[in-house]
Amino acid sequence: MVSRRTLILTTPVFFLAPRLAVAEVSPERMAERLIAEAVNAGRARMAPDLPPLAGEAVLDAIARERSAAMAAGAPFDHQDADGGYPAIQKMRTRYAQYGAMGENIAMDFEPSRNQFDPRYYATRMVDEWFKSEAHRENILSPAFTRCGTGVARSPGRTTVYATQVFWGPPVFRRSQRG
């Protein structure tokens, strides 16, 4: 025989479990996850001695802000109108003042596509990053150990921006005295 107390405790868990399983993830967040996974898969394939890039919530937020800013009209560039580097400035302010820092950005414009396909977009952007020497260098750099990924769509939803920011611990060199 099951006690009434046991039934009361298990009933809410039974009703809540299905709702937790169907929590929706936005297409942008899904694309971010797919980009991060594909970048690490490519890193493992092309530089098997390197560890995977660890995701960081603060770096994800910075990358999302960068993508959102470009989607809202900021220049599609690593530099802002004043010549500063917004991603680097944000990382120094909110993550770590020192260390190796980098950024990859991507933009895709497809007005004919009616719906945003996170899998298609992630595959396409990561493929383009690996084809580009400078972007590939960021992904494969042993200096970077952490990354954040952000995706945002323009207000008309025809242009999609992706940003991946990279960070690695500072390297301190001993001075040589003669």
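What covers the buried residues of helix 3? Here are some notes on that and on its surroundings.

1. A word on the basis. This is a predicted model, in which local features need pLDDT of at least 70 and side-chain atom pairs count only at pLDDT 80 or more, while totals for chains, interfaces and linings use all residues. Residues are numbered from 1 along each chain as its sequence is written, and side-chain values use heavy atoms, with hydrogens and water left out.

2. To the opening question: the cover of the buried residues of helix 3 includes helix 4 (86–94), strand 2 (100–109), strand 3 (146–153) and strand 4 (159–168). Helices (H or I, at least four residues) and strands (E, at least two) are DSSP runs, numbered from the N terminus. The buried residues themselves are Leu 59, Ile 62, Ala 63, Arg 66, Ser 67, Met 70 and Ala 71. Buried means under 20% relative accessible area, exposed over 50%, and partly exposed in between (1.4 Å probe, protein chains only). An α-helix has 3.6 residues a turn, so residues three or four places apart point the same way.

3. Just after helix 3, Gly 73 has a positive phi of about 120 degrees.

4. Helix 4 buries Pro 86, Ala 87, Ile 88 and Met 91. Helix 3, strand 2 and strand 4 are among the elements that cover these residues.

5. A salt bridge is a side-chain nitrogen of Lys or Arg within 4 Å of a carboxyl oxygen of Asp or Glu, and the count comes to ten. Lys 90 forms one with Glu 65, the closest N and O atoms being 3.0 Å apart. That pair links helix 4 to helix 3, 25 residues apart. Glu 65 also bridges to Arg 94, with closest N and O atoms 2.8 Å apart. Here the partners, in helix 3 and helix 4, are 29 residues apart. Lys 90 is partly exposed at 26%, Glu 65 is partly exposed at 30%, and Arg 94 is partly exposed at 37%.

6. Helix 3 has a further charged link, to helix 2. Glu 32 forms a salt bridge with Arg 64, the closest N and O atoms being 2.7 Å apart. Glu 32 lies in helix 2 (residues 27–46) and Arg 64 in helix 3, 32 residues apart. Which of the two is buried and which partly exposed? Glu 32 counts as buried at 5% relative accessibility, whereas Arg 64 is partly exposed at 31%.

7. Now the strands. Six of the eight residues of strand 3 are buried, so strand 3 is largely enclosed by the rest of the structure. Two bridges join strand 3 to strand 1 (residues 54–55) in parallel, with Ala 54 opposite Arg 146. Two strands pair if DSSP finds at least two bridges between them. Eight bridges join strand 3 to strand 4, which run antiparallel, and Gly 148 stands opposite Val 165.

8. Strands 3 and 4 form a hairpin with five residues between them, and Arg 157 in the turn has a positive phi of about 60 degrees. Thr 159, in strand 4, is buried at 10% relative accessible area. Leaving aside neighbours within four places in sequence, Thr 159 is in contact (heavy atoms within 4.5 Å) with Met 107, Asp 108, Phe 109, Ala 152, Arg 153 and Ser 154.
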